[in-house]
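Please open the structure in a viewer and keep the selection tool at hand. The stops below proceed from one selection to the next.

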Amino acid sequence: MRGQIDIEKGGIRLYGQPLTLNAYENDNSSSIGCCLSVPFSTRTSNFNVNSGNNFIPFINILHVEKATSIMNGEIEITFAYPIDGKMNITENQSLEFQLPYEDAKREYIPKNITLKICDNENENDNEAIDDIIGKIMSLSYPFSKKRPRIYVLINPHSGKGEAVKIYNEQAKPIIIGSHCEVTVQHTEYSGHASDIAENIDIDKYDMILCASGDGIPYEVINGFYKREDKCKAFSRINIVQIPGGSGNAMSLSCLGATSSSLAILRALKGKSSQIDLMAISKESSNEIILSFLSQTYGAIAQADIGTEWIRSIGSIRFDLGVAYEVLNNRKYPFDLAVKMGCRDNSEIIKHFENIKDIEDRELTQENFKLKYNEEFQNNANINNLPESWEIYDEKISNNANIFYAGKMPYVSGNTNFFPAALPNDGLIDLVVFDSRYKAMQNSKALLSLDKGTHVWEDCVEHFKVSAYRLIPKKNRKCYISVDGENFPYEAFQVEVLHKVMRTILWEGSVYTGSGYLENCKI
Ligand SMILES: Nc1ncnc2c1ncn2[C@@H]1O[C@H](COP(=O)(O)OP(=O)(O)OP(=O)(O)O)[C@@H](O)[C@H]1O
């Protein structure tokens, strides 16, 4: 049987009909055509061309090459096939905004299809084959490097201890299908990922892929920060997380994925982008820590770190912990000083209108220089503030039960805590829960964390800053958490490092949709 490949706008379509060798491009039509006479090989896989399911979107195509057993003009296409069989679901198909939770779970496996595209091997046919392979590959990787060199870091202790299995069963087949060069390393102790990042040969890799929770990218970032050549390391290498642990905030926020196979597919296809980090100064030492995700004090930190001892009961420990804190009206007072960016939701909305996509840049040491650290190190109190900083409303800070600062929208698999977070706006999103409101109101806000609509509740303060200083005032030792890791109970100061880290963003210049503007209540 003879067939045809059409290269259309969003992918390739396979037909079982004869067609003459032909190639054309047409900007006005919805398809870019490039057709070859294609008799389907008898070895063609279970891709059924007659079922109507004959379209492979470019976003699913992993690799195309001349078939290795080439006798007479066969090509092999490897693509990521969704295990729910819904091949044709493409991005933005629905006109109504939907939070990513359902889509994020989709799982993919690689499949091969071998096509015989000419009967005889002559030079012209070979050129035509090379041409069509090149064309499909370019359209399949429009924003990213084809076949990136990947250094995979797997934390065997992540989550329920299944990261190795998840990587091998879900991510590895997609990576193999895309013919990437891969080096795999298991982390052997806490801090190993940081040591590796500090010493890795950065010329050898394009991506460090953390098959883990959020703890490994946190270590990689801090390992890079210790390097003499940190500018080169942060400029060149994409730090990416795919789910393997319990906290997969980075994967959901950047790639819109909670399944490992979808995360790696999008990591290969998405756009390498420079995002902001946060630099944290400690009161007790000169050490600077980098944070990519969040800092929290109050009920959330108590519920997260304070319930580690009942880790075996799963993620419910966290929900129970927060509910316990809030229903008991526990307060976690603090002093807060900020370099204000957007004061409230109305200013945040205006800020969204002014966001510009700034060009990527080569980093210099200047980009890592802290503006406010020296003043903090000299005197870490609330009265010794840098110019144009302000003290945050004490009535609220003395009665707060949750303080949470973040740079990514999703802080866990179903918690959209910072729906207005932007990758490189130079601002940190802050959310403060005020315990003076009735527990019912606080509970209502907590119950809407998945949708991200808590930021519109009266009991929740929502604003953006470029830097802040927090001095905890609870008269007993409490938890402070930075990117989910325990941090000493002491004053700390945070400032944005603008566009210093490289990662892959599936949606280009923004994080996964979190519905902030769509849910706007102004
Ligand atoms: N081989 C190892 N043995 C013990 N700890 C390790 C090992 N490798 C990495 N770690 C530590 O495991 C911690 C948690 O890692 P990760 O974030 O991958 O998993 P997680 O399940 O999401 O964790 P958590 O729930 O604590 O956030 C990291 O702080 C890291 O330092």
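Begin with the shell around the ligand, which by class has 3 nonpolar, 15 polar and 4 charged residues. Here Ala, Val, Leu, Ile, Met, Phe, Trp, Tyr, Cys and Pro count as nonpolar, Asp, Glu, Lys and Arg as charged, and the others, Gly among them, as polar. The model is a predicted one, in which local features need pLDDT of at least 70 and side-chain atom pairs count only at pLDDT 80 or more, while totals for chains, interfaces and linings use all residues. For typing selections, residues are numbered from 1 along each chain as its sequence is written.

Next, select Thr187, Ser212, Gly213, Gly215 and Gly245, which come nearest of the 22 residues around the ligand. A residue is near a molecule if its C-beta atom, placed from the backbone, lies within 6 Å of it.

Then colour helix 5 (residues 215-225), which gives the most to this shell, with 3 residues. Helices (H or I, at least four residues) and strands (E, at least two) are DSSP runs, numbered from the N terminus.

To view the contact, show Ala193, Ser194, Asp195, Ile196, Ala197 and Glu198 in helix 4 against Ile216, Glu219, Val220, Asn222, Gly223 and Phe224 in helix 5; two residues are in contact if their C-beta atoms, placed from the backbone, lie within 7 Å. By class, this contact has 6 nonpolar, 3 polar and 3 charged residues.

Move on to strand 14 (residues 271-282), where 10 of the 12 residues are buried. A residue is buried if 20 or more other C-beta atoms lie within 10 Å of its own, exposed if 12 or fewer, and partly exposed in between, with C-beta atoms placed from the backbone. Strand 14 runs antiparallel to strand 24 (residues 492-505), joined by 11 bridges; strands pair if DSSP finds at least two bridges between them. Select serine 273 to find threonine 503 of strand 24 opposite. With strand 15 (residues 288-291), strand 14 forms a hairpin that has 5 residues between the two strands.

Finally, is isoleucine 83 buried or exposed? Isoleucine 83 counts as exposed because 11 C-beta neighbours lie inside 10 Å. Isoleucine 83 is found in the loop between strand 8 (74-82) and helix 1 (101-104).
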